[in-house]
Structure formats: structure tokens, C-alpha cells
Amino acid sequence: MQSWMIGMVLGLVFIGYAPALPAWSLAIPVVLSVNALASGALLRWPSRSVPCVLLRLLVGLSWGVLLGISHGHSLLDYRLPTHCVGQSLEVEGQVASLPGRRLVPGVGTRQSFRFRVNAIEPAECAVPRYVLLHYYGARRMVPGDFWRFPIRLKKPWGLSNPGGYNGQAWLAQSGIHATGSVQLSRHHQYLGPGVSGMHHRLRQRISARIEELELKPDIAAVLRAVTVADKSAIDEPLWGLFQQFGVNHLLVISGLHVGLVAGMGYLIGAALARLFVPRRFSGAHVPGLCALLAALLFAALAGFSLPAVRALSMLTCLLVAVWSGRLTIAWSHLLLAACVVLLLNPLAAIGSGFWLSFGSVAGLLWYTSWRRHSGRGRALVGTHAYMALLMLPFGALFFQGASLVGALANFIMIPLVGWIVVPGALAASASYLLGLPIEAALWRCAAWPLEQILPLGAMLADRGGDWIYLSRDTALPAMVLALCGIGLLVVPATAWFRILSVLLLLPVLLPDRSNGQTSSQATEVTVFDVGQGTAVLIRAGRQALLYDTGGGHREGPNIATRVILPLLRSEGLTALDTLIVSHPDLDHSAGQHAIIATVDVHRLRYGGEPAQTLPGLPCVAGEAWRWPAGPIFQFLSPAVAVPLKRNNASCVLMVTVAGSRLLLPGDIERAQERGLVEYWGRALDADWLLAGHHGSQTSSSWPWLKFSSPSTVIVSSGYANRFGHPHADIVVRYRALDIEVLETSRAGALRLEFPPAQSPAVTLWRDRKRRYWL
């Protein structure tokens, strides 16, 4: 039975990471053939023989692959048709999730929610079943309500960058077939409440109540997260603080929380059995049923998140085994839970949460199986230390780093959150729903530990530096070796065996000596996939230049924190030789302060009048410098004595490297292009050109393209953006001049490597990380 389940898990995981889906016409005959052949062989061999075990593994693998293919084709078949992208549509349906509320600077409150589609007009676009909608209106969306909205939709899409997170994985996991926004300029109609979604309405009521409390925003955000799994108020600084101390798992309702609630339910059930079940009847099942009911209710409050479903599955398996008198080992429960999670969502394994959830439980089971006879105090300390060590390779792979103080932080935070915050918040929630006057006091009790510990954690993080968090990026093979080493550490063995265990850890623990620098002679240029904006990183040796910082919000989420800084950390870059902010528009400058606050910037240049004071100097045409590794940089615009409009004040940079030339023009428009052509003439000649103003019709004039004469144009723009960049006429113009066009919205980030005396090598990140659901 276990070998069959292992095969199914492997098959589902394999298809989730497959670059393309096999056709039905091939998959079904292969699976049926495998099962027919295996059935005959299984009847002839003993059930515990090695061939039988392998055959059951193969059968499970074939069915896992088939189920994964089925889910994949269903996901792709329901996606929005290409010709409907950007059209004005009318959609009718039901709010199917807890709407996440987030304050967007300069815009207002945005509510994001999953919407179950009943009808779309025009009918030719009525393909998606579930869409993710953003609503910027004043009315609070309620789960279960039916609405008719005017919307614009696009296919699920995410940014694809080295070292960064691709949101398209989450959309695929969530079964989202399209994303879009409600158009407030047109009429939208409320159609009435629905019956389904009761648990989401309860979650919303509790979340709204926590918002009303007189608590600091960070405290309220944590309470909402651990009570009803509403993480919409967890901003990047707060998440980063918890991540630095290795306790960000506490912000997710996980198996730890579900287990604690189940334990409370078990104690209540035992008390009820003693009080109300007559002695002549057996009340042995009552505590288990109460534990299961409590865990089920809490998982519903968590929106049936993956860790909650995993814990609920394991608890159910354990109770069924106990009640049936067929006790099995915990590994079987974990394996069955993995099967249940993947059968419910075949793409669960493409997210880090799956591996962190099941990996941590597997590590805990492995440790306790070898250390079960230790004393309580020693076992407690050893368990925390072992789990913190286990998180190092996971953190390096998924988050480019791990906490060095995780064991101590978890030793403090797990009891505080598990014994005070979560029970207090759940008791306060129940009191609120029942209208009991003790509610306010319970909320204060739940918030008190957070009010004491969060300011202390923020102070330590500010002063701690590198001794709190270890920035590391690792490849999958190094992570597997490290996990093997960590597993071997607890196995009783000789000293040489211990040395081998430590050696297996070294690829993750020791810094990569190549980090922070490219190969001795090659220059790398990374054009980030930042949506509607620009960010270009140029590296040679140990020096790096960043041209623009992408879009977003200066004080809130922005591209610098989500895309650029993760790459700098993963590659060991702690300093920039030069930061250039081409002009003040947010899609180029939003992350400038995040960059300056995080890494050392030796030289800062900017174009136009910055919105806030910057510690640098304006770009001036003619300024040039050279790195020892070879690249030559020169500003071609703006001239210091000529006042220019916002876009035309952009810093225009020419980069010469290994016999190739790269021209970065910012957002200059036709008039400035014409002026540069008149002044620089053939000196504008470039092999690579970043499209001016993201391929807008206001740029890329015929004279500009003639004199720059690029062989390749790179367009940095957002997928299905509202500006229509790159403009169709401009793309036609490029192709008329036989210029190759590469778009970050289609290819993801582009990495150009310029070795001396060789043709540059081009890597398209979306192709390198190809998955069928991308």
C-alpha cells in the first residue's frame, strides 16, 4: 500500500514541474498498459517481494501522472482566451473567498477576492470558472454575495526573475483562470446574498472585529493571520522581521496551530465524557471526536490552507487507526496526508509551503525516532536546535537565506503564540460571536505577548546585522546533500561518520566564493522582468551598476524589495558601484530608497527633479568612467544647461563591453531622440537597445532607430498593460528594420553574458524555468 502511495505522490509532483503536458492520446494508453501488465505480474509474485513493491510503485506513479495530466488540461482549458484579454466584459457570479484588504498608497483600499463565475458576456469569453478580482470601491465585499461586475481580464501571469518569486505559481495552485479589476466607472449590480461560504463570512466578521480594536497595525495584522488566516495586512517589513528570526511559519495557520487546537478539543472531550457519558457506555471515542471537530472548525477558520489540511489529514488517519485497532507508524500517516493534499490540489507541490510543511514534519519524525529516550529538557532543546538546522537548506533554496537564531526564537515564540496568543484569540473570537462581555479582555490577553516581543525583535533586527540572518542561495543538489547530512547527524555512528555528515552540510553553510562577482572576464547584464517599469543590473568582476529600480510604491510594496534585492542577496552583492535613477517616474524610481537603505551605493546619479532629496548628483552628458573588468559607461543625456520635461530628462546611458554596445535611453520621447541624433550622430550606434518609454508610440522614432541601428531591441513592459506597450505600430517599425524584439512580458528576465572576443549569450528566464502552467 505504501509503495503505491509513494508512486502516486511522485507522479503528481513530476507533472506539476513538467515543462509541457503529455497529450491525452498518449497518456491514457500508456497508463492502461502499465496497469494491465502489472496486474498479471502481481498475481504471480509474493506481495512483499521486491518486484511486487516496484510494480506497485510503478502503478501508483502511472495513476499520479494521469491525475496530474487531467488536472493540468482542465486548468489550461478554463483559462481566458487570448482574444478576450483586455476586453470590457460583464461577469456574474459569487464572491468565493475571504476578500483581502490592503491599503494602496495614493489609490485607496484594494479588496482582492476569488470570484466564482456563473456567466460572462460576451459568450465567447465565458470560459473561466474562477477569476481573481481587485475591487477599489468603498463597499465591503462579503463572501457568498452574488454580483454583476463590469471588468477587464487577463490571463494569470507573474514576474519571472532569477532569485525572485513567480506569482503565477500561486495562481495556478489556487485554480485561478484569469485575473482582473472591477471597472468602477461603469455600473455594477448587487444580486443578493448566497448560502455557501458561511465559514468565510465568519472569518470576515472576526477579521473586521480585530481591525476595529485599538491595537497597533502590526499587532492586529498578526492576530488576523493566526486567528482566521487573513494575511492581507502582513506587509513586507513585518514578514521580513519574522523571517529574520526564523518564526515566519507562525504567521501561517499550520500543523502546529491545528495540533494545539486539537489537543484542547481532546481535553474538553475527555471532560465531557467523564461528566455526561454513563459508566455503562464507553466514552472512549468522545475525546477523539472532539479533537477532530475542533481541528476541523479551526481548519475552516484558516480557509482550509495547505498546512491545515495536512494536519487535519494526519489527525484523521491517526484517529481512524486507533478506533479500528490498526495502529500504524506516523510515517504512514504523513504519506497518506501527502496523498490527500495532492489529490485535493495536484499542484500543491509547486509551492514552497508543501515542502516546508511536509519536510518539517518528516524531519521531526526522523529526529524523534532516533532520540526518543532522551530526557524531557534535553529533548526539547535538541528538537528546537535540530529543526532550526533543518530549516537552513530549505531557507537557502526558497528564500535565499535562513535565521541563525531560529532555535532560540522558536523556543520563545512557539509557547507564546501556541499557549497564549492563539488560545486567547480563539476564545476572544468565540466570545465575540456569542456576544459575551469578556471579549475585549481576551483580545488584550492575546495581544499582550506580541506587544512585548515585536518592538524588541525590531530593535534586535536593526542592530543585529549578519549574526541574525544568514544570506545564502543554493541549488537543489546542494540542498539534498545538506538534508542527507542533517539526517545522518542524529544516527548513532562513529566519528568518521559524523565528519561525513558535517561535510555534506558545507555547500549550504559556507559562502560561495564566486558570489558577488562574475567570472573574471565576462560581463553580465540582467534586464529584470518588472512589469510596467525598468530595472537593469550590469555586473563585471566585483562591481555592479543598477539602472532604475522598477515600479511599485515608495513606502509600500515595490519591485526593489520583491525582485531586485532578492537577486542581490542570492548573488552575494552587498554594494553597488553605481545606482542610476533615470527620472522620477514611479515605474523607474519607486525602489530607490529601499536599495539605498539595504546596500552600499558608492555613486548615485539621477535625471530630472527627484520627488525626494537623493544623496547624489544629476546625470550630465559626457560623464564617463571605466571599470577595471572592462565595461565603459558614458552618459549621452541630459545636457546640464538644457531644461527638459520629465521623460526627456531621463539619463541616457551607453555601455560598451567586449566589443558590444548597449544603449539605455530611459523614457525619452521623439523630440529628445531627435536632439541626440543631431548631436551624437553615429556615436549612438548600438547592438542592443532598451526600447524607449517601454515601446510607447511617443518614442522609437525612425531617425533614432536608424542611427542607433540595433540588432536587438528589449522591451521592458507589463503583460497586457493598460497603456498598450509595446505599441503595435512600434513593433511593426522594429520588424521593418529587421530588428529582433525581445519582451520581458513574454520572455521574463533576460540575462546577457558578454565574454571577451565571443558572441554574447542570451538567457530567457521564462524559458529556463519553463512549466506547463506558465
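**The contact of H1 with H11**

Mentor: In this predicted model, the contact is made on one side by Gln-2, Met-5, Ile-6, Met-8, Val-9, Leu-12 and Val-13 of H1, which meet Ser-332, Leu-335, Leu-336, Ala-338, Cys-339, Leu-342 and Leu-343 of H11. Helix H1 spans residues 2-16 and helix H11 spans residues 330-344, and their axes lie 10 Å apart at an angle of about 40°. Because angles from 65 to 115 degrees count as roughly perpendicular and those under 35 as roughly parallel, the two helices, H1 and H11, are classed as oblique to each other. The crossing of H1 and H11 is left-handed.

Turning to aromatic rings, the structure holds 18 aromatic pairs. One of them joins Trp-625 and Phe-635 in a tilted arrangement, with 5.5 Å from centre to centre and 55° between the planes. Since Trp-625 belongs to strand E16 (residues 624-626) and Phe-635 to strand E17 (residues 632-637), the pair ties together parts that are 10 residues apart in sequence. Trp-625 is buried, with a relative accessible area of 10%, and Phe-635 is also buried, with a value of 0%. Elsewhere, ring pairs link Phe-113, Phe-115, Tyr-135, Trp-147, Phe-149 and Tyr-190 into a cluster.

Gly-406 counts as buried because its relative accessibility is 4%. Leaving aside residues up to four places away in sequence, Gly-406 touches Phe-245 and Ala-388.

How values were computed. Residues are numbered from 1 along each chain as its sequence is written. This is a predicted model: local features need pLDDT of at least 70, side-chain atom pairs count only at pLDDT 80 or more; totals for chains, interfaces and linings use all residues. Side-chain values use heavy atoms; hydrogens and water are left out. Axes are lines fitted to C-alpha atoms, for helices over the stretch in contact, and angles run from 0 to 180 degrees between N-to-C directions. Helices (H or I, at least four residues) and strands (E, at least two) are DSSP runs, numbered from the N terminus. Angles under 35 degrees count as roughly parallel, over 145 as roughly antiparallel, 65 to 115 as roughly perpendicular and the rest as oblique. A crossing is left-handed if the near helix is turned anticlockwise from the far one by less than a right angle, and right-handed if clockwise. Contact means heavy atoms within 4.5 Å. Buried means under 20% relative accessible area, exposed over 50%, partly exposed in between (1.4 Å probe, protein chains only). Rings of Phe, Tyr and Trp (its six-membered ring) pair if their centres lie within 6.5 Å; planes under 30 degrees apart count as stacked, over 60 as edge-to-face and the rest as tilted.
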